[in-house]
Amino acid sequence: MTKIDIISGFLGAGKTTFIKKLLEEAIAGEQVVLIENEFGEIGIDGGFLKDAGVEIREMNSGCICCSLVGDFGASLAEVLKTYKPDRVIIEPSGVGKLSDVMKAVRDVSKDMDVVLNSAVTIVDAAKCKMYMKNFGEFFNNQIENAGTIVLSRTDVADEKKVAADVELLRQHNPKAAIVTTPCSQLTGAQLLEIIEKPDTMMEDLMKEVEEHHHHDHDHCHEDHDHHHDHDHCHEDHNHHHDHDHCHEDHDHHDHDHHHDHGDGCSCGCHDHHHDHHADEVFSSWGMETTAAFTREKLEKILEDLSESTAYGDILRAKGMLPTGEAGHWLYFDLVPEEYEIREGQPDYTGKVCVIGARLNEEALNKAFGRG
């Protein structure tokens with residue numbers, strides 16, 4: 001099975017830099033064929049490609065557009081038969097329609113053992129609004145058909161402009177992963193995972209909450225002095241509580257609230273505003289944010305989330321947020337009356353997921369940067 005990745009974007013957007021990072025850091029051990037359209041940018045030199053064991057198949061059919069899809073498909077089939085690669089990376093012309101390239105790949109996949117693995121569009125953060133206005137048909141086609149959108153040059157772009165870009169992109173593509181973190185702060189392996197696998201953070205969190213509260217409902221009348229299992233964590237609740245990070249010692253976290261089971265138990269069985277039944281359908285809220293957060297700012301929000309009903313009845317929250325300092329991010333996990341903050345590696349964009357009942361979405365939007 002040959003994986004085919006399409007890396008599209010207007011000239012100068014940063015396609016070549018993205019491809020080179022994948023080649024060097026993520027797929028160096030694979031047999032790769034890179035297809036460049038003759039009108040695409042020539043940013044990867046032949047010497048590098050030769051050293052990396054990558055074959056170039058020069059395309060002479062011009063711009064990849066509707067009238068030339070047949071020619072492109074035949075050329076792609078020839079590449080696949082000749083090289084039998086593990087992966088083909090297609091860097092189409094900056095004025096080609098991504099949907100046409102995707103159709104050509106799907107047509108070839110009907111007769112050959114290949115799969116359209118990913119469709120990525122690179123967008124220069126400084127030019128997104130201008131391109132959308134002046135090259136709507138071609139530019140928006142690349143946005144609308146992408147599974148992942150990478151905003152380049154966000155390290156030198158104004159934060160408000162980046163946030164505005166995301167809003168514009170979301171109007172045309174509500175589902176794609178939008179990478180706002182500078183690619184220099186992400187590894188090639190991270191980038192490959194982003195383009196190959198959908199983000200299931202919200203689904204995973206909802207499943208965790210539903211399973212946990214089903215467990216609580218079944219055992220609500222049992223003796224609460226036993227160990228309580230969160231995310232398979234086998235630590236004693238009377239000692240300290242660790243969500244998702246079972247092997248870390250939380251004694252160093254200032255805001256890791258220790259408690260015994262009783263009137264203030266955070267498991268949800270006794271607290272009057274967390275008295276949920278196992279079959280209750282919880283609501284969820286999530287957002288991506290490019291806003292920077294200091295530890296102090298995040299702590300204040302998490303205190304309100306965990307201790308009050310200002311944002312609704314919060315059962316679980318999780319997120320990763322940039323601090324504004326290159327490479328420094330804050331990760332958090334929260335349950336009622338308890339949360340922890342830790343430092344983590346940069347993610348592709350700031351993300352927050354919240355599960356609960358009667359969620360105050362307006363307050364959540366304001367707290368995490370959209371209000």
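Below is a conversation about the predicted model of this chain.

Visitor: Let's turn to the aromatics. How many aromatic pairs are there?
Guide: The count comes to 8 aromatic pairs. One of them is formed by Phe10 and Phe139, whose ring centres are 5.4 Å apart and whose planes meet at 85°, so this pair is edge-to-face.

Visitor: Where do Phe10 and Phe139 lie in the chain?
Guide: Phe10 is in the loop between strand 1 (2–9) and helix 1 (15–25), while Phe139 is in helix 6 (residues 136–144), so the pair ties together parts that are 129 residues apart in sequence.

Visitor: Are those two buried or exposed?
Guide: Phe10 and Phe139 are both buried. They also belong to one aromatic cluster together with Tyr131 and Phe135.

Visitor: Is the pair of Phe332 and Phe368 stacked or edge-to-face?
Guide: Phe332 and Phe368 form a stacked pair, with 6.3 Å from centre to centre and 15° between the planes. This pair links distant parts of the chain, since Phe332 is in strand 10 (residues 329–335) and Phe368 is in the segment after helix 11 (361–367), 36 residues apart. Phe332 and Phe368 are buried as well.

Visitor: Which lysine has its charged end over the ring of Phe138?
Guide: That is Lys97, whose charged end sits 5.9 Å from the centre of the Phe138 ring. In another part of the list, the charged end of Lys297 sits over the ring of Phe293, 4.5 Å from its centre.

Visitor: Changing topic, which residues of the largest nonpolar core touch the most other members?
Guide: The largest nonpolar core has 36 residues, and those touching the most other members are Leu76, Val88, Ile90, Phe139, Ile149, Leu151 and Leu169. Helix 4 (residues 98–109) gives the most to this core, contributing 6 residues. Apart from this core lies another one, of 24 residues, which includes Ala291, Ile314, Leu330 and Phe368.

Visitor: Going back to Ile90, what does it touch?
Guide: Leaving aside residues up to four places away in sequence, Ile90 touches Ile4, Asp5, Ile6, Ile7, Ile35, Phe72, Leu76, Val101 and Val105.

Visitor: And helix 6, which of its residues are buried?
Guide: In helix 6 the buried residues include Phe139, Asn140, Asn141, Gln142 and Ile143. The buried residues of this helix pack against strand 1, helix 4, strand 5 (114–124), helix 5 (128–134), strand 6 (148–152) and helix 7 (159–172).

Visitor: Now Asp333, why does it count as buried?
Guide: Asp333 has a relative accessible area of 2%, and buried means under 20%, so Asp333 counts as buried. Asp333 is found in strand 10, and its side chain makes a polar contact of 3.3 Å with the side chain of Arg316.

Visitor: What does Val352 touch?
Guide: Not counting residues up to four places away in sequence, Val352 touches Trp285, Gly286, Met287, Lys318, Gly319, Leu321, Phe332 and Phe368. Val352 is found in strand 12 (residues 350–357) and counts as buried at 0% relative accessibility.

Visitor: Last one, what is the phi of Arg153?
Guide: Arg153 has a positive phi of about 60°, although it is not a glycine. Arg153 sits in the loop between strand 6 and helix 7, where it counts as partly exposed at 40% relative accessibility. Glu337, likewise not a glycine, has a positive phi of about 70°, and Glu337 is found in the loop between strand 10 and strand 11 (338–344).

Definitions and conventions:
Residues are numbered from 1 along each chain as its sequence is written. This is a predicted model: local features need pLDDT of at least 70, side-chain atom pairs count only at pLDDT 80 or more; totals for chains, interfaces and linings use all residues. Side-chain values use heavy atoms; hydrogens and water are left out. Rings of Phe, Tyr and Trp (its six-membered ring) pair if their centres lie within 6.5 Å; planes under 30 degrees apart count as stacked, over 60 as edge-to-face and the rest as tilted. Helices (H or I, at least four residues) and strands (E, at least two) are DSSP runs, numbered from the N terminus. Buried means under 20% relative accessible area, exposed over 50%, partly exposed in between (1.4 Å probe, protein chains only). A charge sits over a ring if NZ of Lys or CZ of Arg is within 6 Å of the ring centre and within 35 degrees of the ring normal. A nonpolar core is a set of buried Ala, Val, Leu, Ile, Met, Phe, Trp, Tyr and Cys residues joined through side-chain atoms within 4.5 Å. Contact means heavy atoms within 4.5 Å. A polar contact is a pair of N or O atoms within 3.5 Å; within protein, one must be able to donate a hydrogen and the other to accept it, and residues adjacent in sequence count only if both atoms are side-chain atoms.
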